[in-house]
Structure formats: structure tokens, C-alpha cells
Amino acid sequence: MPAIPLGRIATGGHLDLLQAGLRRIQERLVRRELEISTGNRVHKPSDDPLAAVRALGYRTGIERADQYLRNISLGLGELDAVDGALGALATIAARAKEILLSQVGDTATPQTRANSAIEVQNLLEEAVSIANRRFGNRHLFGGGDGLKPPVSMAGSFAVFNAGALVEPDVIIGRSVSIPRSAGGADAFGALSAEILGRADLDPRATASTKLADLSGGAGVRTGRIEVADGLGGTAIIDLSAAESLGDVIDLVNATGLVTASISAAGNGLELAATGGNITVAEVEGGRTASDLGILNTSGAGAVLTGGDVDPRLRSTTLLADLRGGLGIDPAGFTIRNGPIDLTASLAGAVTVEDLLNRINSGGAHVLAAINERGDGLDLRSTLSGARLSVAEGSGTTATELGFILDFADVALDRLNGGLGVSRELGDDLRFTQHDGNTIAVDISSAATVQDVLDLINNDPENPGTLVASVVPGMEAIQIVDGSAGAGDLVIESVGGSFAAENLGIDGRIANPGTTLVGRALDVAGVQVDSIFNALVALRDALAGDDRSVLGLLGGVLEGAADRLLDARADAGARAQRLEGARSRFEEEKIQLEELISTDRGADLAEAVADFQEQQMVLQASYAVTSRILSLSLLDFLR
Amino acid sequence: MSNLFATLGLAGSALSSASAAVRTVGQNIANANTEGYTRQRVELHAREGVDQGRVKLGGGVDLVRVGRVLDRRLEELLRGARSALGELSTRDRVLGRIEALLGELDGDSIISALERFFEAAEDLANRPEDHSARALFASRGEELAAGFRSRDRDLLELRRDLEREVETAVGEINRLSGEIASLNRQIVAAEGGGTNPGTANELRDQREELVKQLSEIVEVKAIETTAGSLNILAGSDFLVLDGNAKSLVLDTDADDGVLVSDVRFESDGKRLAIRGGRLLGIVESRDRTVVDIRSELDSLARAIIGEFNRVHSTGEGLLRWRELTATTRVTDPSAPLSSLALVPPARNGSFDLRVVREATGEVDTYNIEVDLDGLGGGDTSLADLVARINAAVGADHPTFVASVTRDGQLRIESGDADLSFSFAGDSSGALAGLGAATFFQGTRALDIAVNAAVADDPRLIATGSGGGPTDSSGIARLIALRDAAVLEDGGATFEEFYRGTVGMIGVDRARARDQLANQRVIADHLANERAAISGVNLDDESIDLLRHQRAYQGAARYLSIVDSLMEALLNA
């Protein structure tokens with residue numbers, strides 16, 4: 001409002017003032033009218049920049065909450081379908097158990113078993129079709145390769161598609177996601193649990209080794225290091241742009257202070273100078289030198305040999321660089337998976353990837369990959385109902401790769417052609433020594449042969465005179481009794497267990513004999529612990545009328561049912577998490593909408609009151625203006 | 001007798017000056033609503049009489065001149081206020097236009113396009129195998145890109161408009177200074193070089209009005225000479241000197257795709273000092289406001305292109321590539337990649353090239369080094385990269401060929417329908433920078449677009465990382481960018497950055513509007529003050545009219561009395 005000048009007022013100026021006043025009132029009226037009609041106070045960012053920017057953020061928040069809610073309801077639908085499928089599989093497992101119980105006893109005949117085998121085959125087919133259920137146009141348990149059915153029949157076996165191992169996520173919040181369905185591998189145990197391949201393949205460090213691969217894949221925190229030659233020369237070297245050990249070597253050598261190279265041992269860096277005492281220190285609390293294994297602040301003379309940088313295995317790693325540079329015997333090996341034999345030759349294979357390609361594309365239903373620790377190869381089977389084993393060819397390839405295990409590391413379940421070792425509640429084995437001391441051992445906690453040996457050797461009743469070990473060069477256990485006495489060494493099963501017989505060490509060695517050499521045990525290959533495997537085994541045992549196998553299948557079926565139960569519980573927990581997220585986002589949306597209306601929205605009561613007030617002011621102004629305009633001295637002049 | 005005749009003369013002077021005064025009042029009333037009119041007043045002096053013996057009798061009245069009622073200091077302030085008003089209203093207008101074309105609060109905005117794009121990404125993550133979800137994602141990407149392009153084009157057009165306004169303003173200045181110079185000549189002539197003031201009132205009013213108009217366009221100083229000329233200065237240079245105007249010309253040059261002009265004097269090429277007025281608002285908006293907001297859009301577009309491409313180039317969709325022509329055209333294929341203006345810039349590192357035999361699923365991985373450590377001169381150029389790829393892959397797959405196209409693009413062909421390829425683990429950023437297997441192409445808001453190859457075949461959208469058609473790990477990495485603080489040195493996400501930009505424009509506009517409102521108050525106040533001094537009040541004029549009417553009536557009455565005196569004398 002311009003100040004009204006005192007004193008003289010020009011007629012034109014007076015009119016301008018009145019005009020400006022009317023305009024201002026009208027402008028305010030229009031603004032209020034807009035507020036009332038749209039319910040919004042802020043229409044352009046400049047109306048209230050702070051509120052506008054906040055409102056933009058809130059709006060984004062609402063849109064995101066909407067999206068998350070959509071994702072969540074999709075995820076819930078999917079989990080519902082997963083639950084249904086797992087339930088149906090559990091029913092099949094229960095039915096299989098019933099069949100087993102009815103056919104294992106003496107009341108059943110070979111004929112009823114043959115009939116039941118047909119029913120089990122039907123159950124197997126049904127189980128496959130349930131595992132292949134679809135959700136939308138993709139398979140529920142299909143994982144990353146969801147357009148292909150995760151399970152298919154290959155002859156009488158079920159094959160799991162390895163692509164289903166990658167499990168997609170549902171995004172349920174800022175940087176929060178959970179697996180969208182219980183993956184097939186978890187749900188019905190699609191891969192062999194036991195993994196062949198345990199050797200640390202120890203790749204050599206080379207100039208092209210990536211820094212990110214060092215320390216088993218933990219990488220190097222790249223920064224600056226300080227190098228001194230002990231003769232007065234120091235250099236601060238910035239390694240932040242280095243990608244490989246070669247880059248580090250180049251950057252160090254560029255200083256001209258010392259000469260860097262890969263150490264003679266081939267597992268790290270080496271710094272050398274013509275004389276003096278080389279030291280390497282961190283700069284500003286960095287960890288670069290220590291990550292590279294060359295941190296040495298006291299000095300190591302003219303040559304500083306760094307520690308083992310332990311590079312991770314990559315698909316591009318050369319086979320020749322494995323085992324610290326010793327390489328792998330190219331002779332090859334044979335993979336036997338159920339009915340399939342695959343002879344993997346290493347001739348012409350240069351990289352780890354070449355080797356993996358040979359194994360994976362050979363049609364043996366196996367999956368070879370670099371293990372999670374990045375130090376070795378895993379070999380797993382995807383074929384349910386068959387066993388996977390590896391045999392050496394003419395050389396030592398499989399052993400070098402770790403595909404053939406020491407007998408001590410073999411799982412008990414694989415002994416005796418895969419029938420395993422019987423274990424009962426309470427003690428399973430009893431040893432009677434020369435001196436009459438008895439040692440009772442419970443092996444129910446053992447998983448491998450070595451575990452059994454440890455349990456025997458470390459038993460509190462064992463004074464240390466009884467030693468169990470693996471017979472060198474054989475797949476058998478031997479027991480040596482070092483105690484002095486006149487009695488025989490007796491080994492037997494107790495408590496209804498057949499552990500001694502199953503381990504091949506039952507028997508009596510007459511005094512003074514000290515050593516019982518056990519029978520060689522037939523080690524079966526690894527197998528897939530799945531409901532499909534259980535059904536295939538049940539079918540085959542019924543069809544073959546093999547009652548000894550039937551006796552062992554109860555546990556197998558129970559294991560499969562337990563696994564399904566676990567998967568269902570897991571799916572339930574995920575669904576609960578999703579429900580929690582759903583209510584949180586619904587809540588959040590309401591809050592954000594409230595915030596928007598506080599920030600952007602018009603106060604209707606105030607707007608209407610002001611609108612009315614301005615209306616009155618406008619009317620008054622009109623009245624005054626017209627009154628003033630009609631006044632003039634000219635009217636009174638004659 | 002002679003005395004009586006002198007008395008007649010006295011009455012005559014009274015009559016003529018009263019009628020002149022009435023006429024002046026008439027002129028004032030007539031111009032009550034004329035813009036820039038200055039109220040006039042007659043200046044009367046009592047005429048010196050003749051001696052008659054020991055006394056001196058008055059000789060009547062003289063009309064000295066018709067003067068203008070004017071406060072020169074106020075006029076100067078008013079001109080300054082007009083300059084400020086001109087500048088601020090231009091600023092406000094331009095910011096208002098930018099605010100409207102960004103259109104952020106309601107409807108179709110960059111933020112909502114970005115939101116829709118990410119929503120489509122999440123839907124795609126839920127159904128990566130679904131072709132319609134892929135097509136939707138690609139089209140949302142194009143929508144976002146188009147949002148950038150159209151806004152950038154609107155801003156470019158705004159800049160062109162402002163350039164046209166500069167042209168118009170300069171034309172106006174030339175016209176006004178020409179007219180002022182010509183009025184200078186007329187006024188000096190009419191007033192006889194200052195000897196005859198008051199004879200050019202209307203011309204002076206006109207001239208003042210023109211100077212005011214000129215002030216609105218560009219801030220000037222006006223200095224009146226004793227001869228009556230008004231010299232006009234912009235900065236320290238004369239725009240008008242006495243009867244001469246110095247005309248201005250445009251010195252036009254291209255700047256970032258737009259023609260931009262400097263304003264210079266035609267005579268000596270000196271740049272016009274623009275200290276205020278509409279022209280300042282136009283030039284500042286053209287060269288600062290619009291350029292700044294475009295560079296903000298560019299920063300955002302560049303970040304989106306760089307970050308998305310970095311992720312996308314190392315993923316895998318439903319299809320792997322069989323042939324690929326990268327989108328970036330490199331000017332010099334033998335120059336190190338770090339010396340090129342790539343988005344994102346390339347750095348020392350490496351990437352994996354995975355060649356897949358589709359029939360068996362066999363994968364051959366080749367680690368391609370991108371050496372940009374600046375040591376030993378061996379930094380990788382595009383040509384080096386091509387040679388390195390060929391050397392690595394050629395031995396295993398003779399049909400696989402990398403090359404540089406005529407336009408300087410990286411091209412890779414597998415040469416075998418059964419052979420496809422993809423990339424992984426690019427720590428150098430070279431693939432994204434070169435535009436190989438990227439989602440977006442372009443380097444800024446002006447040219448951002450969805451990579452034509454991907455738009456044509458959305459199966460190439462890298463939703464996974466090689467896990468299979470329903471693997472959504474690749475798109476999940478893209479979605480993670482939504483909350484990644486990648487702008488302002490890790491201080492802001494895409495959205496936060498753009499929200500800041502919108503807020504900045506809002507604050508600028510609000511400030512400009514407030515300043516404008518304040519300036520208006522000042523200008524109104526000054527105008528009122530001027531009106532109070534120089535404006536016409538009809539009531540005043542009516543009273544003056546009455547006053548002069550009475551004077552005339554009195555003089556006429558006096559004349560008739562003198563007449564009757566003479567008659568009496570003659571008839572005696």
C-alpha cells in the first residue's frame with residue numbers, strides 16, 4: 001500500500017490510487033477463490049518454496065508406498081501359492097510313508113509291493129507336477145530360470161533345473177527386499193547337500209590378478225602407501241586407481257625408488273632395492289599396505305618380500321596357476337551320476353571356466369561352480385534318485401581338484417552303498433579291551449567317518465590305549481588295542497544298533513592280537529536329499545521287493561517331510577514379514593497424506609472467512625469510489 | 001489625457017494576462033489525464049510604472065512566462081525506480097515461465113516421470129519375463145528422457161526468446177535516443193539556447209517521458225546543459241550528446257546452440273554498460289538464470305545416464321547381444337578413453353566379456369583390461385580396446401569381431417547365430433561411457449534417449465545377471481539407484497537433487513516477486529509524489545479558473561470605468 005501523500009493530490013493520481021486499491025482486493029479474492037475451489041494453498045513452488053519441496057517429497061513417498069504395497073500383495077499371493085504347493089507335497093510324503101509302513105511288514109507280498117510301486121510312481125509324477133506349478137506365466141519354484149519347469153523326469157529319475165537356484169527378490173521398502181518364494185532348492189532339497197571338492201586350489205598371484213580378488217575376495221582398501229628405501233629416499237604412492245597387482249607394480253616402479261615384482265613364491269609382492277633397508281608404511285590410517293601384504297615399518301633389508309595375498313578363484317584363472325603354480329594334471333577324470341558316465345578330459349582346457357564348461361555341458365546333470373569362499377570348486381548333482389561319484393582317470397586330476405575325498409571325510413550316509421550306518425538312541429558300540437576295560441560309544445552325533453573315529457578315541461572311558469584310525473590306502477577302519485591284559489579285544493553293537501556291523505569292525509581278536517582291521521566299506525556317491533529321491537528309492541525298492549532297503553527308507557521319507565515342513569514354516573515367516581510391511585506402508589501413506597494437506601492444503605475455514613471479508617471490503621470500496629468520483633467542484637460552478 | 005491612456009494600457013495588460021492565465025488553466029484541464037504532462041503556471045510580474053512627479057504609478061501586469069511545476073530530483077528518482085521495476089518485472093516473468101515449464105507441483109513433471117520409471121522398474125522386477133512389463137519400462141524410460149528433452153528445448157526456446165527481446169530492446173533504445181536527440185535540437189532552437197525559457201514546455205514534457213521510457217529499458221543518467229539539451233549517459237558513455245544519438249548494434253555469437261548478442265556502440269564497438277532496466281533483466285536471465293537451470297537439468301540427466309548405463313551394461317536380459325553398435329561417437333579412436341568426455345568418465349579398470357554358446361550354455365569369459373593409469377603412455381584408446389577384444393576372443397571364436405565404425409562407435413559382432421555375448425564386472429566404466437549395451441544414450445538433457453537397440457527389442461533390457469529369464473538381480477541393481485546418493489559428491493539422490501532444483505527456482509521466484517512488489521510500492525509512492533507536485537487537480541484548476549475569471553471581470557469593469565471617465569472628459 002503506497003503511502004498517501006499529504007498535501008496536494010492530483011486528480012489523476014487519486015484515481016490511480018483508488019484503482020490500485022480495487023485491484024489488490026480483487027487479486028486477493030481470486031487467490032482465495034482458487035484456494036477454496038482446489039483445496040490447495042500452494043500451487044507453484046514459489047507460493048511457498050519450503051512447503052512445495054516438502055510436499056514433493058511426501059508425494060514421492062506416497063507413490064513409493066503404493067508401489068511397495070503392489071509388490072507386497074504380489075509377494076503374498078505367491079507365498080500363498082507356495083504354501084499350497086508345499087502342503088500338497090507334504091501330503092504326498094505322508095501318503096508315501098503310509099505305503100511304506102503297509103509294505104515293509106510281513107503281511108505284504110511281492111505282489112502288493114509291485115502294485116504299490118505303481119502307486120508311488122503316480123505319486124512321483126504328481127509331486128513333479130506340483131513342483132512345476134505356475135504362478136502367472138512362470139513356475140513358482142523356477143527361480144531365475146522360471147520359464148522352464150524346475151523339475152523334469154529323465155527316464156526314471158527326476159532332474160532339477162540348476163537355473164532355479166537363483167532366487168528373485170521382492171522389494172518391500174527402501175533397499176529392503178526378501179526372496180519372493182521359498183526357492184526350490186530349499187523347499188524340496190533339489191541339490192545334493194554334500195559337495196564334492198574340498199581342496200584349496202590356491203591360485204598363484206600374477207600381474208593381472210585383480211586387487212578386488214585378494215584375501216579370498218575381501219579385496220584391498222586402496223589408498224596411499226609410503227615407501228622408504230632406508231637411504232633417505234621416500235615416496236608416497238597413491239594406489240587408489242590401481243585395479244590389478246600389475247598396476248601396483250607399475251605405480252611403485254614409476255617412483256624409481258624400489259623395484260616391485262611378483263615374489264618368487266608367486267603368492268605376493270616383492271620390493272627390491274640395490275641396498276638400504278626398505279620400509280613400507282600406511283598413510284593416514286589407511287590399510288592398503290597391510291592388505292597388499294607389504295606393510296613393514298621396521299625394514300627387511302634390501303628386499304622386502306610381501307605376505308601371501310591369497311587371490312580368489314575366478315573363472316578366468318588359468319589352470320596352470322592353480323595349486324600355487326603347480327597346475328592341474330590334464331589327465332582328466334570320470335563323473336558317474338546314476339546311469340550317466342561323463343569322461344571329462346582337460347586336454348585343451350586353459351582356464352577354470354573351460355573345465356567348468358566341460359563338466360556342466362556334458363549332460364551328466366551335475367553343476368560345477370566356484371565355491372562361495374572362492375578357493376575351490378563345488379560339484380553337485382541335480383539328479384534325484386541317483387548317486388554321484390567321481391573316479392580318477394589315468395592321473396591325479398580329480399584328487400588335485402578335490403573331487404575325491406579322503407575316506408575319513410566321507411559321510412556315514414554314503415557307506416555301505418548308500419544305506420549308511422545304523423544309529424540308535426543311546427550307545428551304539430561297545431569295545432572290550434585286553435585289560436577288561438569296556439568303552440561304550442554313542443555315535444548318533446557323527447556325520448563322517450572321522451567323527452566316529454574321534455568319538456571312539458576321545459571317549460571318557462577310553463584311557464587312550466584304544467586307537468581307531470583309517471587303514472592306509474583302504475576304505476576301512478582299524479582298531480588297535482594297546483592295553484595290557486589277558487582278555488580278547490571284542491567289538492560289538494549294543495542297544496539294538498548295527499553300528500559295528502555297518503562300520504565293518506564287529507568281531508573278536510584273540511589275545512595277544514592287538515589290531516582289528518575292518519572290512520572295506522562300499523562308499524556310494526553323493527545323492528540329492530529330496531522328496532523326489534525318496535519317492536524314486538521307495539518305488540525302486542518296492543518294485544525290486546528289497547525289504548532291507550525298505551527298512552532304511554523310513555528315515556529318508558521323514559527327512560523329506562521335515563524339509564517340506566521347514567520350507568512351509570519359512571514361507572509363513574516371510575508372509576508374516578510381508579504383512580508387517582503392508583500395514584506399515586498403509587500407515588505411512590495416511591501420515592504422508594496428512595502431512596501434504598497440512599503443508600499444501602488450504603485452511604478452508606480461514607479461506608472462506610477471508611473471502612467473505614474481502615468481498616465486504618470490495619463492496620465498501622465500490623461505494624466509496626463512486627461517491628468520491630461523483631464529487632467535483634465543477635458541479636458547483638455556475 | 002495621456003495618463004488616462006496609460007490607464008487603458010494597464011487595463012489591457014490585466015485583460016491579456018488574465019486571459020492567458022485562463023488559457024493555461026484550460027491547457028492544464030485539457031491535459032489532466034495526459035501521461036507525463038507537467039502542470040503549468042503563469043508567472044506574472046507587476047509592470048513598473050511611470051514617474052509622475054514625486055510618485056510612481058503602477059504600469060499594469062506582465063506575463064513573464066508560463067512555467068512548469070516540476071521537481072527535478074524527483075524526476076531522477078522516478079527514472080531510477082522505473083529502471084529497477086523494468087529489471088525486476090523481467091526477472092519475475094522469466095522465473096515464472098521457468099517455474100511453469102518445469103511444472104513440478106501438479107501433473108507432468110520430471111520427478112513424477114522418474115517415479116513412474118522406477119515403478120515400472122519394480123513391476124518389471126516382479127515379472128522380468130513379461131514382455132509387456134519390459135515394453136512399459138522402456139516406454140517409461142523414454143517418457144523420462146522426453147521430459148528432459150522437452151524441458152531443455154523449452155529452456156533453449158526461452159533463451160532464444162530472450163535474445164529476441166534483446167534485439168527489440170536495442171531497437172527501442174535506438175529509437176528513443178534518436179527522438180531525444182531530435183527533441184534536444186528543437187528545444188534548444190525554441191528556447192534560443194536558454195535565453196527564452198518556457199517556450200518549449202510541451203517538448204520538454206515529451207522529452208522527459210521518452211527518458212522515462214528509456215530508463216525502463218536501461219538504466220541511464222540524464223544531465224541537462226544550460227542551452228537546454230539533455231545528455232543521456234549509460235554508465236560512462238553518452239547515448240545522447242546534445243543533438244546526436246549514438247546508435248547501438250548487436251554483436252552476435254553462438255553459445256551452446258543458441259545465438260547470443262552483446263550490445264555495443266556502433267561507432268567504437270564499446271560494450272554498452274547495462275546497470276539496470278529491463279535489458280539487464282533480459283540479459284541476466286538469458287545468460288545466467290536459464291543457463292544455470294539448464295546445467296542443473298544436465299547434471300541430473302548426466303547422472304541418470306551414467307549410473308543407469310554403468311549398471312545396465314553389465315547385466316543380461318532375455319536375450320544376450322549378437323551384434324552391438326555402441327551409441328557414443330568417439331571423435332578420436334586413438335585417444336586414451338580418459339581424455340574423452342565420456343558419460344560416465346572411464347577410469348583404470350577392466351571388464352569381463354562373456355561369450356556364450358547358446359546351444360550348450362558354455363561360457364567363455366575374457367577379462368579385458370582398460371589401462372588408464374597414466375603410466376608408461378600405454379593408456380587404452382578405443383582402437384586399443386578393439387584390438388584387445390579381438391586378440392582375446394579371436395583365437396577361440398574366429399567369427400567374433402570387434403571394430404570401430406566410420407562414426408567412431410565401438411561395434412561388436414559375434415558373427416554366428418549360436419554365439420552371443422554380454423558383459424560383467426566393469427570397474428572401468430568404459431562400456432557405459434562408450435554406450436555399449438546401455439539403457440540410455442546421450443550425454444545431457446538435450447539428447448538423452450533410450451538406447452534405440454533396447455527400445456526396439458525390450459528383451460535386451462538387462463533385468464538379470466545371467467541367471468535366466470526370471471532372474472531380476474539386474475533390475476534390482478537399477479532400482480537400488482533410486483536411493484543411491486550419486487549427486488553432489490554423494491550428498492543427494494536423483495530425486496533429492498531435482499527437488500533441490502525446484503526449490504531453488506521457487507525461492508528465486510518468490511524473492512523476485514517480493515522484490516518486485518516492494519519496488520512497485522516505491523515506484524507508486526514516487527509517482528504519487530510527482531503527481532502531488534506536477535499533476536493536475538481539477539478542483540485546484542477550477543479555483544484558479546474562478547480566480548482568473550474574477551481578475552478578468554475586474555479588469556473589464558475597470559476598463560469600462562476608465563472608458564466612462566474618458567467619455568466624461570470628452571463630453572465636458
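## Helices H4 and H6 of chain B

In this predicted model, helix H4 of chain B (residues 131-190) packs against helix H6 of chain B (residues 278-312) with an angle of about 165 degrees between them. Angles over 145 degrees count as roughly antiparallel, so H4(B) and H6(B) are roughly antiparallel to each other. Their axes lie 9 Å apart, and H4(B) passes H6(B) in a left-handed crossing.

As for who does the touching, the contact of H4(B) with H6(B) involves 19 nonpolar residues, nine charged ones and one polar one.

## Helices H3 and H13 of chain A

Over in chain A, there's another helix pair to look at. Helix H3 (residues 110-131) and helix H13 (residues 531-543) of chain A pack at an angle of about 165 degrees, with 8 Å between their axes. H3(A) and H13(A) are therefore roughly antiparallel to each other, and their crossing is left-handed.

If you want to pick out the contact on screen, H3(A) contributes residues including A:Ala114, A:Ala117, A:Val120, A:Leu124 and A:Val128. From H13(A), the contact residues include A:Phe532, A:Leu535, A:Val536, A:Leu538 and A:Leu542. A:Arg113 of H3(A) and A:Arg539 of H13(A) also take part. By class, the residues of this contact come out as 14 nonpolar, two polar and two charged.

## Where the chains meet

How many residues of chain B are in contact with chain A?

The rule finds six salt bridges across the interface of chain B and chain A.

Two cis peptide bonds are worth a look. In chain A, the bond from A:Asn511 to A:Pro512 is cis, with omega near 5 degrees. A:Pro512 belongs to the loop between strand S24 (507-509) and strand S25 (515-517) of chain A. In chain B, B:Val343 and B:Pro344 are joined by a cis peptide bond, with omega about -5 degrees. The loop holding B:Pro344 runs between strand S11 (323-325) and strand S12 (349-357) of chain B.

Then there's B:Asp242, which isn't a glycine but has a positive phi of about 50 degrees. You'll find B:Asp242 in the loop between strand S7 (237-241) and strand S8 (244-245) of chain B.

Technical notes:
Residues are numbered from 1 along each chain as its sequence is written. Chains are lettered from A and ligands numbered from 1 in the order in which they are written. This is a predicted model: local features need pLDDT of at least 70, side-chain atom pairs count only at pLDDT 80 or more; totals for chains, interfaces and linings use all residues. Side-chain values use heavy atoms; hydrogens and water are left out. Axes are lines fitted to C-alpha atoms, for helices over the stretch in contact, and angles run from 0 to 180 degrees between N-to-C directions. Helices (H or I, at least four residues) and strands (E, at least two) are DSSP runs, numbered from the N terminus. Angles under 35 degrees count as roughly parallel, over 145 as roughly antiparallel, 65 to 115 as roughly perpendicular and the rest as oblique. A crossing is left-handed if the near helix is turned anticlockwise from the far one by less than a right angle, and right-handed if clockwise. Ala, Val, Leu, Ile, Met, Phe, Trp, Tyr, Cys and Pro count as nonpolar, Asp, Glu, Lys and Arg as charged, and the others, Gly among them, as polar. A salt bridge is a side-chain nitrogen of Lys or Arg within 4 Å of a carboxyl oxygen of Asp or Glu. Contact means heavy atoms within 4.5 Å.
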